[in-house]
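Welcome! Here is a short walk through one protein model, meant for someone meeting it for the first time. Please keep the structure in view as you read.

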Amino acid sequence: MERRGKNDSGVIRHLAGGLAGLFFALSVLGHTGAWDAASVVYAEENDGSVSENDAKETEYINRSSDRVITDDDRFDADEDLLYYMKSLEVRYKLDEEVMARLHKVFDSAVYYIANTEMSVTEMWAYVTSVKGSMDGAATDKLTQTTSEFLQVGDNWQTPVVSYGQGVSIVLPIVNFGTEELNDLIVEPVISTLVTEWPFEPDTTNYLQTEPFIPGCQTKEAAMANRREFTFHFKTRSDVMTGYYPLKFKISYTKAGVRSEEPAELVVYVKTVGKPGSGIIGGNGQEASGSKPRIVVTGFETNPAKIFAGETFILTIHVKNTAKDTAVTNVLFDMQAALEGEDKTNTYSAFLPTSGSSSVYMEQIAPNTSADIEIEMTAKADLAQKPYVLDVNMKYDAGTVFDLTDKASVSIPISQESRFDTSIPEVVPGNIEVGSQSNVMFSIYNTGKTTLYNVQVKFIADSVAEASAFVGNLQSGNTGNVDVMLTGAAPTMDDGVVKLEISYEDDAGNVTTAEKEITLFVTEPMMDDMMMGDDMMGDGMMPEDEQGGKPGTGLIVGGVSGAAAVAAAGVGVFLKLRKKKKAALLEAQELAELEKDL
């Protein structure tokens, strides 16, 4: 038992000034009621700061009783706390900042005692706990009150509600701090605007309280000690479609100090409005129901022409078409068309070299273009044709989340065209001017692409212009060439005739290749042979005069003369060719000599 005076008018004046802030403190009895009244011992530490006169002007106070407290009891408790606060100021020589914290603890306690029905034992137990809070505030052993420890629990799931529908929202609140939070008040921030609040506006029955949330050392313990608050709402009939933010303000007391500003937690609810109700998109776009869109404005590849099996860099140009809304958290996912002969043997036409087909972009400003790049490889067995690449887009805009768009680009893939030919047959290999030789060979399409408008031209000074049209050759097909070449002039070189083989791809681009055959063209021998017949003249006797059959000698002579003329013609041809080779060699030597000089 201890005594305490009741005639200090200064205390009353201090209490009147200390009740400036309105603090709501609930259910502390539930937290402190577990204390054993018999175990509560009051031990005042005066540290010599209380004068002898003060000690004489005291009276004994019974602090253990089940009786409900009166105003006199409340006065005793207030005076005791004020005395203790003054003793701490003297003991620790506290500055103004610390004393301001102590006054907040004191004012909160005075308000609680003045407005709470409790027994005498419970009141003095509460006084003891407040003194502990004062000790902590005075010695600065406790951290400052902040709202960073209050968070929404991991078990939160975004609810989905439709217009006119009732819904119960359970808000899990977790204290991730190590210190206990007391006297919590949780209240949603409501609005009458449909663009800000999706439920029927009502200012009653929204406030909820919680006596305390204990501090914890681990995340698991904090989740286990979370507090869940259930709110019942009715969705507005004119609610818009999209995601609405729901804001909740939380006031609390930590270490005996009331939070100066309430903490704010934000969660989201997905709403489904009536057809034509519009989309909640933020930045003034709600009324029109429009939403930002990302469009693909073009693309380019490096290299520009892509062959099957090659690696290339794809650059896609995109644009945010919204005039005043930025898009954020933009995720682009590129998916190539599936190829294959059946459902069990399919594959993507393009594969990203990094292993991921996604590209992330933090933000695209309103009415702004941007480029995304990804390196991909075209499958080696792709046919020559354009292939579709889908660009799937997911992004946020304002208060709207997980918006999606899709675009496609068509990337042409080429295959290396290849062909081969058989060995040409030239029959005969020597002809006279005006005579013809038959040239035959085959063209094989050994590539994986179609050869269009295949044709062959024969080019040489010694033959007349000739060509053969083969047509289109599918992959693996064969085309045949059968041409009659006519001698136009005697061969003055090695007898080479060029074969110019050309074809087109599916874009109309022409490719040309060359091969060679050998065909000699000589002067006609008719005049020389006739000259040989005339020279026979009188020198040749008819057979009846020589003892043989008439005309036999003429025939033999004619054959021998023809053979002689042919041999002479070949000799002239070889001689001319030899002279031409010598002239060419001499010209080359002169050119090299001039180069050296």
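Leaving aside residues up to four places away in sequence, Asn-445 touches Arg-418, Thr-450, Leu-451, Leu-473, Gln-474, Ser-475, Gly-476 and Asn-477. The model is a predicted one, and in it Asn-445 belongs to strand E27, which covers residues 436–445. With a relative accessibility of 3%, Asn-445 counts as buried, because buried means under 20%. Its side chain reaches two backbone oxygens: that of Thr-449 at 3.0 Å and that of Gln-474, also at 3.0 Å.

Ala-263 is another residue to look up, this time in strand E11 (residues 263–272). At 2% relative accessibility, Ala-263 counts as buried.

Now to the aromatic rings. The whole structure holds 10 aromatic pairs, and two of them are set out here.

| Pair | Distance between ring centres | Angle between planes | Arrangement |
|---|---|---|---|
| Phe-199 and Phe-233 | 4.5 Å | 10 degrees | stacked |
| Phe-231 and Phe-248 | 5.1 Å | 45 degrees | tilted |

Phe-199 sits in the loop between strands E6 (181–188) and E7 (208–213), while Phe-233 is in strand E8 (residues 227–234), so the pair links distant parts of the chain, 34 residues apart. Phe-199 and Phe-233 are both buried. In the other pair, Phe-231 lies in strand E8 and Phe-248 in strand E9 (residues 241–254), so parts 17 residues apart in sequence are tied together. Phe-231 and Phe-248 are both buried too. Elsewhere, the charged end of Arg-227 sits over the ring of Phe-212, at 5.3 Å from the ring centre.

What distance should the 22 residues of helix H4 span? At 1.5 Å a residue, helix H4 (residues 71–92) should span 32 Å, and its end C-alpha atoms are 32 Å apart, which agrees. After H4 comes Lys-93, whose phi is positive, near 50 degrees.

Finally, a word on confidence. The protein has an average pLDDT of 77, and 73% of the residues score at least 70. Confidence is highest in strand E15 (residues 311–320), at a mean of 94, and lowest in helix H2 (residues 28–32), at 33. Over residues 537–568 the pLDDT is below 50, and this stretch has 19 contacts in the model beyond near neighbours in sequence. Where pLDDT is low, the predicted coordinates should not be read in detail.

Note on methods. Residues numbered from 1 in each chain as written. Predicted model: local features only at pLDDT ≥ 70, side-chain atom pairs only at ≥ 80, totals over all residues. Heavy atoms only, no water. Helix = DSSP H or I, 4+ residues; strand = E, 2+ residues; numbered from the N terminus. Expected span 1.5 Å × (residues − 1). Buried < 20%, exposed > 50% of the residue type's maximum accessible area, 1.4 Å probe, protein only. Polar contact = N/O pair within 3.5 Å; in protein donor to acceptor, adjacent residues only side chain to side chain. Contact = heavy atoms within 4.5 Å. pLDDT = per-residue confidence, 0-100. Phe/Tyr/Trp six-rings, centres within 6.5 Å; stacked < 30°, edge-to-face > 60°. Lys NZ or Arg CZ within 6 Å of the ring centre and 35° of its normal.
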